[in-house]
Amino acid sequence: MPPKPAILAFDTSAAHCAAALLLGDRVVLRTDEMAKGQAEHLMPMLAEVLAGEGMVWTDLDAIGVGIGPGNFTGIRISVAAARGLALGLGKPAIGVSTLEAQVTGMGHNMLVSCLDARRGMVYVQEFGRGQPVSKPLICDLTQDALPDLPGKAEPCVTGDMADEVSRLTGWQPVAPVMSMVEGIARRASSRLDNDNPRPAPLYLRSADAAPPRDPPPVILS
Amino acid sequence: MSRTLTLVGLESSCDDTAAAVVRLADGRVRVLSSVVVGQSALHAPFGGVVPEIAARAHVEILDHCIERAMAEAGVGFANLDGVVVTAGPGLIGGVLSGVMFAKGIAAARGLPLIGVNHLAGHALTPRLTDDVGFPYLMLLVSGGHCQFLIVHDHDHFERIGGTIDDAPGEAFDKIARLIGLSQPGGPAVDRAALSGDAKRFDLPRPLLDRPGCDMSFSGLKTAMLRARDAVIAANGGLSQQDQADLSASFQEAMADVLEEKSRRALDLYLALSPAEPVFAIAGGVAANSRIRAVLEQLCREKGTRFLAPPLALCTDNAAMIANAGIARMVAGQVDDMTLSARPRWPLDQTAPAQLGSGKKGAKA
């Protein structure tokens, strides 16, 4: 029997397939960088991670999954796989946001988690002692658009846009203490006893769709 | 020896999320359940299916559909022999969601994974509903596709013609929006046409002057736009009668093209001397009353059985996907966890590309 709880977390919200197998206090990590092909690579990679510990899928107590924000298609790849696994295993799948996952284990009083949202924008969320104190949002990467934090709070910032955000705000950039996927596994573990909703993608950006430009004809009555 | 197989099927290649359970027993396939959740309301404001909106919906609906389908069939995971999923062609975000769901279930339960071609699902439906023998002629006509196939076997489809541009179902949607009818356009145009004069507007019958079974509908859409604009220029808008007449004229042009091209396809098919000739139609446009009437009459002329599966199995559904999966599984054609989702995947890999090319490959 593997140590309890046994949680497999994974994430494909960026150019990688990342997995963390949490076995009690021990964690097994694997990240394969790739720009594309995650849909083909993910499941065989997860099976290898399990096999490396002499485990099979049914040994797991829960699935942890990164729900974004990040690449839309990438998020869906993992969320769909996690929900399929949860259904088949009869075990919970627990969704963890990438903004939250990357600050796991960081106890700063005021910490801004940020991720590149492309097109000159950034995803941000504020945390206090590891817990969210604001809703995640997407905003322009400008001083005016970023959240207004009181200077005396001495905010820190972490994430892949920490240096850029720091230049604009003066917040102090700090390095994460664990990989994002380990953060997903540890957050999922802490919520094991909760009544968790099915993981759903956290897009933060609306679907690119506009109503047709040509107006409908006038209908004479 | 007869084999019993119970499979769950998933379909998410366009704007319907679907799951179904089918069972092969005593040589026949039965549909134990078929759940379809449509997304029309989500896409209606945009005048067509928006891929990103469709993908977002699929990923949060699929497991609910699967649970419902299994409950309605009275089947648990322990009763399943495999998981079948549409692996293409279609809107890639939706296909990908379905494929990853299927992989998750298959991995969790140690079940075989079977990826099927969405078009094969449609093309094999006459086998499911009426146990039709090979070879039969198939007209696949929907919002995304329009092609004539001679179905020789569950994995041997010969494409003898198809659209070189738009699909009729898409044209119906566009036309409906153009003349102020509701979405989805097919049923709206069909209804309006009932009280319309099909001869009022002189619309083209594209490609009828050319040999073969290929079709084109983009010019017809342009002609409709001109006809509409002429009425609006004259009267300042469209009356209900204008809407009806435009609908009837458009539908008649569409029916004429499909009738003549079907006649040619039937000639090619009947030259194979099939024992019990069958012409089957599938896809949403198969529901159009005028097109159906015209093709039925044509089949009577040609001494061929006309077959239109019940609408629920004609439009997108997962029972047809599971049914196609059974044929593949019986033939030992099982996939592994590296199964890819394919936006483009012509059924007939030998016919020259008719539509689309380049990096993504042929669409049809």
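Author: Happy to! To sort a lining by class, count Ala, Val, Leu, Ile, Met, Phe, Trp, Tyr, Cys and Pro as nonpolar, Asp, Glu, Lys and Arg as charged, and the others, Gly among them, as polar. This is a predicted model, where local features need pLDDT of at least 70 and side-chain atom pairs pLDDT 80 or more, while totals for chains, interfaces and linings use all residues. Residues are numbered from 1 along each chain as its sequence is written, chains are lettered from A and ligands numbered from 1 in the order in which they are written, and side-chain values use heavy atoms, leaving out hydrogens and water.

Now to your pocket (an open set of points on a 1 Å grid over the protein atoms alone, where a 1.4 Å probe fits, with protein on both sides within 12 Å along at least five of seven lines; lining residues have an atom within 4 Å of a point). The largest pocket has a volume of about 1600 Å³, that is, the space filled by probe spheres set on points joined across faces, edges and corners. Its lining is made of 49 residues, and those closest to the centre are Cys14(B), Val49(B), Gly143(B), Gly144(B) and Asp173(B). Sorted by class, the lining holds 16 nonpolar, 21 polar and 12 charged residues.

Of the elements, α6(B) gives the most, with 5 residues. (Helices, H or I of at least four residues, and strands, E of at least two, are DSSP runs numbered from the N terminus.)

Where does the largest pocket lie in chain B? Domain 1 (5-128 + 313-362) and domain 2 (134-308) of chain B both give residues to the lining of the largest pocket, so the pocket lies between them. Those bounds come from an automatic or database domain assignment. The C-alpha centres of these two domains of chain B are 26 Å apart. In contact (heavy atoms within 4.5 Å) are 22 residues of domain 1 of chain B and 27 residues of domain 2 of chain B. About 2100 Å² is buried between the two domains of chain B, and carbon and sulfur atoms give 65% of that area. Buried area is the accessible area (1.4 Å probe) that two parts lose on being put together, summed over both. There are 0 salt bridges between domain 1 and domain 2 of chain B; the term stands for a side-chain nitrogen of Lys or Arg within 4 Å of a carboxyl oxygen of Asp or Glu.

Next, the second largest pocket. Its space comes to about 1400 Å³. It is lined by 48 residues, and nearest its centre are Ser13(A), Ala14(A), Gln38(A), Asn71(A) and Gly74(A). Both chains supply elements that give two or more residues to this lining, including β2 (16-23), α1 (38-52) and α2 (72-89) of chain A together with α2 (51-73) and α3 (92-109) of chain B. The top contributor is α2(A), with 5 residues. By class, 19 residues of this lining are nonpolar, 16 polar and 13 charged.

How do the two chains meet? Here 37 residues of chain A are in contact with 43 residues of chain B. The two chains bury about 3200 Å² between them, with 64% on carbon and sulfur atoms. There are 5 salt bridges across the interface of chain A and chain B. Asp63(B) and Arg83(A) also form a salt bridge through their side chains, at 2.8 Å from N to O.

Chain A has a domain pair too, with domain 1 at 6-99 + 178-190 and domain 2 at 106-173. The C-alpha centres of these two domains of chain A are 26 Å apart. They bury about 610 Å² between them, 63% of it on carbon and sulfur atoms. Of the area that domain 1 of chain A buries against domain 2 of chain A, Pro69(A), Leu99(A) and Arg187(A) supply 80%, more than any other three residues. Pro89(B) is in the loop between β4 (82-88) and α3 of chain B.
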